[in-house]
Amino acid sequence: MLTQIKAAKCIGTQAVVVTVETDIDHGIGIHLVGLADAAVKESLLRTVTAMETLGFRVPGKKIVINLAPADLRKNGSGYDLPIAVGIMASSGKYSFVHAEEYLMMGELGLDGSVRPIEGALPYVELAVASGMRGAILPAESAIEAAEITEIPVYGISGLKEALDILQGNDCSHLLAGEIAGAFSASERIYTGESIVDFSDIIGQEAAKRAVEIAAAGGHNIIMIGAPGSGKSSLAKAMAGILPPMTRKESLETSRIYSVAGLRKGCSGLIRQRPFRSPHYSASMAAIIGGGAGDNIVPGEVTLADNGVLFLDEMPQMPKSVLESLRGPIEDRKVTISRLKNKVEFPSSFTLVAAANPCPCGYYGEGDRCRCTVAQRTAYMSKLSGPIMDRIDLQVWMHPVPTEAVTRRGKAESSREVARRVCSARSRQAARFKGEGISTNAEMSNRQTEKYCPLDEECRQALERIMKSTGMSLRAWFRIIKVARTIADLEGEERIRPGHIMEASGYRLLDRGKI
């Protein structure tokens with residue numbers, strides 16, 4: 001008897017249907033075909049043992065299992081559940097109701113339990129898009145899709161519960177929305193950083209202003225200064241002034257973390273923007289993403305999608321890794337190619353970088369620096385012109401003097417700053433409605449000319465700046481984008497000369513100040 005059970009496979013952050021075809025006929029042996037990797041082939045013994053543990057006797061006949069389409073490589077242990085259900089359905093000993101209209105994925109234990117898998121959210125989205133009746137997933141994985149209500153999503157802890165659902169029994173208590181409250185894993189599992197309030201940071205008003213502009217327009221920023229000047233604290237404080245994510249952004253970010261396996265035990269969608277802070281010794285595969293064969297996983301640039309990627313001690317990173325950031329920063333996506341596979345991941349993040357001005361860290365702070373000119377030049381040369389061109393705001397930070405601690409007054413809190421940032425983001429969302437972007441930093445050159453017209457006075461001011469500094473054409477457009485964000489923060493409809501002057505002041509590396 002031939003049966004067809006729907007499963008799935010993730011390619012990047014999108015899922016595609018994999019049909020598990022099972023047929024039992026005269027003969028002997030269990031045969032698995034369909035370009036399955038070693039993990040899938042090993043599932044046969046695991047699956048058969050789990051079924052026998054639950055009292056099901058596997059027929060002593062020829063069992064053929066085909067994973068279609070046959071030209072798509074299947075990997076992972078998530079096909080255990082659909083294979084087990086397929087064998088049971090083909091045996092004729094069970095009467096299942098619409099089994100072929102459910103999407104099923106799950107790894108089986110030898111005792112018949114079901115273990116969590118990666119990619120649950122894309123699987124459920126695929127089931128919705130394909131018009132399936134429902135999805136059956138491990139409980140810890142199903143709760144990732146607790147907010148998707150178009151179809152019933154069942155979370156099971158064992159194979160017996162899957163059989164109850166397919167036999168038409170009342171299993172409403174297994175719906176993802178019902179079991180989500182039983183899992184209390186932290187929603188901050190993906191950030192790994194605590195948020196610093198702006199009021200906790202002493203002084204550095206100019207740097208705070210730059211961080212506010214970066215958050216309001218989604219601009220990349222680098223902070224250069226001596227150790228202890230507050231660069232890392234300001235970067236972490238930026239996470240507290242970013243606006244809440246839209247549902248579209250939440251779905252995209254949650255989908256990425258689901259595929260990466262970082263959402264196990266977390267219910268619903270991610271609401272807080274990610275803050276990723278990899279160590280400067282991280283490899284290119286860790287930053288950009290990679291993997292062998294079909295097992296390509298997202299890197300930090302993708303995990304920071306719709307959030308912040310903080311690179312501390314940026315000049316200490318390998319030059320090849322730094323240069324590999326050019327594409328993701330400019331294109332807001334990253335494509336990872338292998339011999340027989342190519343995967344595209346989103347990477348629309350705000351880059352926040354921190355750097356010392358020299359190897360010892362104290363250049364520009366009186367006579368404390370002991371580095372030679374050659375050492376300073378070699379150190380900062382790791383930050384190439386093309387990379388610096390892609391960073392809109394370049395800020396120099398000096399250490400806060402001791403007397404500022406004793407004389408500190410009431411500082412502005414993150415809540416007050418976030419209110420202005422949200423207001424500026426709202427203006428941008430209205431401006432770019434229908435354009436496929438949501439922030440000023442995402443504008444193309446054509447969109448910059450369309451939405452950021454300069455009057456004659458502004459144009460002349462910018463031309464004088466460009467001639468005196470020798471900045472590139474890319475810097476021209478980035479100055480205009482930053483000026484547009486400054487105008488949004490002030491509630492101005494048009495860009496003023498003052499906005500242009502302030503925006504150009506954040507190009508200190510282009511001006512040769514280091």
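Me: A charge sits over a ring if NZ of Lys or CZ of Arg is within 6 Å of the ring centre and within 35 degrees of the ring normal. Which residue lies over the face of Phe-432?

Reply: Arg-431 does, at 5.6 Å from the ring centre. Keep in mind that this is a predicted model.

Me: Noted. What sits over the ring of Phe-56?

Reply: The charged end of Lys-93, 5.6 Å from the centre of the Phe-56 ring.

Me: Back up a bit. How many helices and strands does the protein have?

Reply: There are 21 helices and 18 strands. The C-alpha trace spans about 85 × 50 × 45 Å along its principal axes. Of the 514 residues, 54% are buried.

Me: And contacts? What share comes from residues 24 or more positions apart?

Reply: 73% of the contacts with a separation of 6 or more.

Me: Back to rings. How many aromatic pairs are there?

Reply: Five. One of them is Phe-56 with Tyr-94, a tilted pair. The centres are 5.8 Å apart, with 40 degrees between the planes.

Me: What does that pair tie together?

Reply: Phe-56 is in the loop between α1 and β4, and Tyr-94 is in the loop between α2 (80–91) and β5 (102–104), so the pair links parts 38 residues apart in sequence.

Me: Is Phe-56 buried or exposed?

Reply: Buried, with a relative accessible area of 5%. Tyr-94 is partly exposed, at 26% relative accessibility.

Me: Which rings have their centres 6.1 Å apart?

Reply: Phe-275 and Phe-310. Their planes are at 35 degrees, so this pair is tilted. Phe-275 lies in strand β11 (residues 275–276) and Phe-310 in strand β14 (residues 308–311), so parts 35 residues apart in sequence are tied together.

Me: How accessible? What are the figures for Phe-275 and Phe-310?

Reply: Phe-275 has a relative accessible area of 3% and is buried. Phe-310 is at 2% and also counts as buried.

Me: What cluster do ring pairs make with Phe-56?

Reply: Phe-56, Tyr-94 and Phe-96 are linked into a cluster.

Me: New topic. How many residues are in the largest nonpolar core?

Reply: 66. Those with the most contacts inside it are Met-51, Ile-65, Tyr-123, Ile-136 and Leu-137. Helix α2 gives the largest share, seven residues.

Me: What does Met-51 touch?

Reply: Leaving out residues up to four places away in sequence, Met-51 touches Phe-56, Val-58, Ala-84, Ile-87, Met-88 and Leu-159. Phe-56 turns up again here.

Me: Strands next. In which sense do β3 and β4 pair?

Reply: Parallel, over five bridges. β3 covers residues 29–33 and β4 covers residues 62–68. Ile-63 in β4 is the bridge partner of Ile-30.

Me: Which hand does the β-α-β unit have, left or right?

Reply: Left-handed. β3, helix α1 (residues 38–53) and β4 make it up.

Me: Last one. Where is His-98?

Reply: In the loop between α2 and β5. His-98 is partly exposed, at 33% relative accessibility.

Me: And how many residues separate it from Ile-387?

Reply: His-98 and Ile-387 are 289 residues apart in sequence. In space they are 55 Å apart, C-alpha to C-alpha.

Note on methods:
Residues are numbered from 1 along each chain as its sequence is written. This is a predicted model: local features need pLDDT of at least 70, side-chain atom pairs count only at pLDDT 80 or more; totals for chains, interfaces and linings use all residues. Side-chain values use heavy atoms; hydrogens and water are left out. Two strands pair if DSSP finds at least two bridges between them. Helices (H or I, at least four residues) and strands (E, at least two) are DSSP runs, numbered from the N terminus. A crossover is right-handed if, with the strands pointing away from the viewer, the path from the first strand over the helix to the second runs clockwise. Rings of Phe, Tyr and Trp (its six-membered ring) pair if their centres lie within 6.5 Å; planes under 30 degrees apart count as stacked, over 60 as edge-to-face and the rest as tilted. Buried means under 20% relative accessible area, exposed over 50%, partly exposed in between (1.4 Å probe, protein chains only). A nonpolar core is a set of buried Ala, Val, Leu, Ile, Met, Phe, Trp, Tyr and Cys residues joined through side-chain atoms within 4.5 Å. Contact means heavy atoms within 4.5 Å.
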